[in-house]
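Q: Could we go through this model together, starting with its charged pairs and then moving on to how the parts of the chain meet?

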Amino acid sequence: MELWHAWACPYCMRVRVALAEKGIPYRSREIDLSAKPPELLGLNPKGAVPVLVDGPDVVVGSLEILEHLCKRWPEPPLFPARAGHDAVVKAYDRIDALFGPHIPKIARGTPEERVQALGAVRRSMGELDAEVPGSGFLLGELSVADLALASVMAKLPPDWRPTQLGFEGLARCERAVMRRPTVREQTGPKLAMAV
Ligand SMILES: N[C@@H](CCC(=O)N[C@@H](CS)C(=O)NCC(=O)O)C(=O)O
């Protein structure tokens, strides 16, 4: 199995975390988004990552890949049965709708765009904050929605994380998910591979 990905891409991060949580071995096909290999365009003409190649299956898009992985490797579950599949997908999409559009502007926007994006992130956090259960996971147990949130947190400047901004509910979630070794490894700076 091969994963085409870019290290700093938040959609790729969550797929790498899921692979690590499940202990699934795979071949890493890391790319530079500014110099996409023709082989990637053959797999996904849009040139976006992540893309998973699992035997004859070419799976494009983070949610589709996470669903594919969880079907083939159900344990540990990342679509917890108690929450229900549809509720997990809804929470996953909500994280992307609330934060996704602002992330590129935080990273690469003009100073003005950055200020606007950070304001929008703050409003999004306020919206989610009251809903986080005491367990710290968005749906009570670890799910792909938490992996999506972790990848967003990883892209925020450290002083704009919920803990720093005083969003207590989301700060619980941040602590619960960011402390996982898989999340730290796959959303942090890239470490040199051991030889
Ligand atoms: N909805 C897609 C979004 C994937 C996406 O936007 N990936 C970005 C990198 S973070 C990408 O490959 N963009 C294409 C480009 O930069 O040319 C998913 O969930 O996988």
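**Charged pairs and domain contacts**

A: Glu39 and Arg29 are joined by a salt bridge between their side chains, at 3.3 Å from N to O; a salt bridge here is a side-chain nitrogen of Lys or Arg within 4 Å of a carboxyl oxygen of Asp or Glu. This pair links distant parts of the chain, with Glu39 in helix H2 (residues 38-43) and Arg29 in strand S2, ten residues apart. Helices (H or I, at least four residues) and strands (E, at least two) are DSSP runs, numbered from the N terminus.

Q: Before going on, what sort of model is this, and how are residues numbered?

A: This is a predicted model, in which local features need pLDDT of at least 70 and side-chain atom pairs count only at pLDDT 80 or more, while totals for chains, interfaces and linings use all residues. Residues are numbered from 1 along each chain as its sequence is written, and side-chain values use heavy atoms, with hydrogens and water left out.

Q: Okay, is Arg29 buried or exposed?

A: Arg29 counts as buried because its relative accessibility is 16%, where buried means under 20% relative accessible area, exposed over 50% and partly exposed in between (1.4 Å probe, protein chains only). Glu39, by contrast, is partly exposed, with a relative accessible area of 47%.

Q: Which residues does Arg29 touch?

A: Leaving out residues up to four places away in sequence, Arg29 touches Glu2, Leu3, Trp4, His5 and Glu39, with contact meaning heavy atoms within 4.5 Å. With Glu2, Arg29 forms a salt bridge whose closest N and O atoms are 3.1 Å apart. Arg29 lies in strand S2 and Glu2 in strand S1 (residues 2-5), so this pair ties together parts that are 27 residues apart in sequence. Both Arg29 and Glu2 are buried.

Q: And what about Asp54, which residue does its side chain meet in a salt bridge?

A: The side chain of Asp54 meets that of Arg72 in a salt bridge, at 2.6 Å from N to O. Here too the pair links distant parts of the chain, Asp54 being in strand S3 (residues 51-54) and Arg72 in helix H3, 18 residues apart. Asp54 counts as buried at 9% relative accessibility, whereas Arg72 is partly exposed, with a relative accessible area of 46%.

Q: Changing topic, what does the domain assignment give for the chain?

A: The assignment gives domain 1 (2-76) and domain 2 (85-183), with bounds that come from an automatic or database domain assignment. The centres of the two domains, taken over C-alpha atoms, are separated by 22 Å.

Q: How many residues are in contact between domain 1 and domain 2?

A: On the side of domain 1, 13 residues are in contact with 16 residues of domain 2. The area buried between domain 1 and domain 2 is about 1,200 Å², of which carbon and sulfur atoms give 64%; buried area is the accessible area (1.4 Å probe) that two parts lose on being put together, summed over both. In domain 1, the residues that lose the most area to domain 2 are Arg14, Glu21 and Leu63, together 43% of what that side buries.

Q: How many salt bridges are there between domain 1 and domain 2?

A: The count between domain 1 and domain 2 is two salt bridges.

Q: Which helices supply the side of domain 1 that touches domain 2?

A: Helix H1 (10-22) and helix H3 (62-72) each supply at least two residues of that side, and H1 gives the largest share, eight residues.

Q: Last topic: where are the cis peptide bonds?

A: The peptide bond from Val49 to Pro50 is cis, with omega near 10°, and Pro50 lies in the loop between H2 and S3. Another cis peptide bond joins Glu75 and Pro76, with omega about -15°, and Pro76 lies in the loop between H3 and helix H4 (85-99). As background, most peptide bonds are trans.
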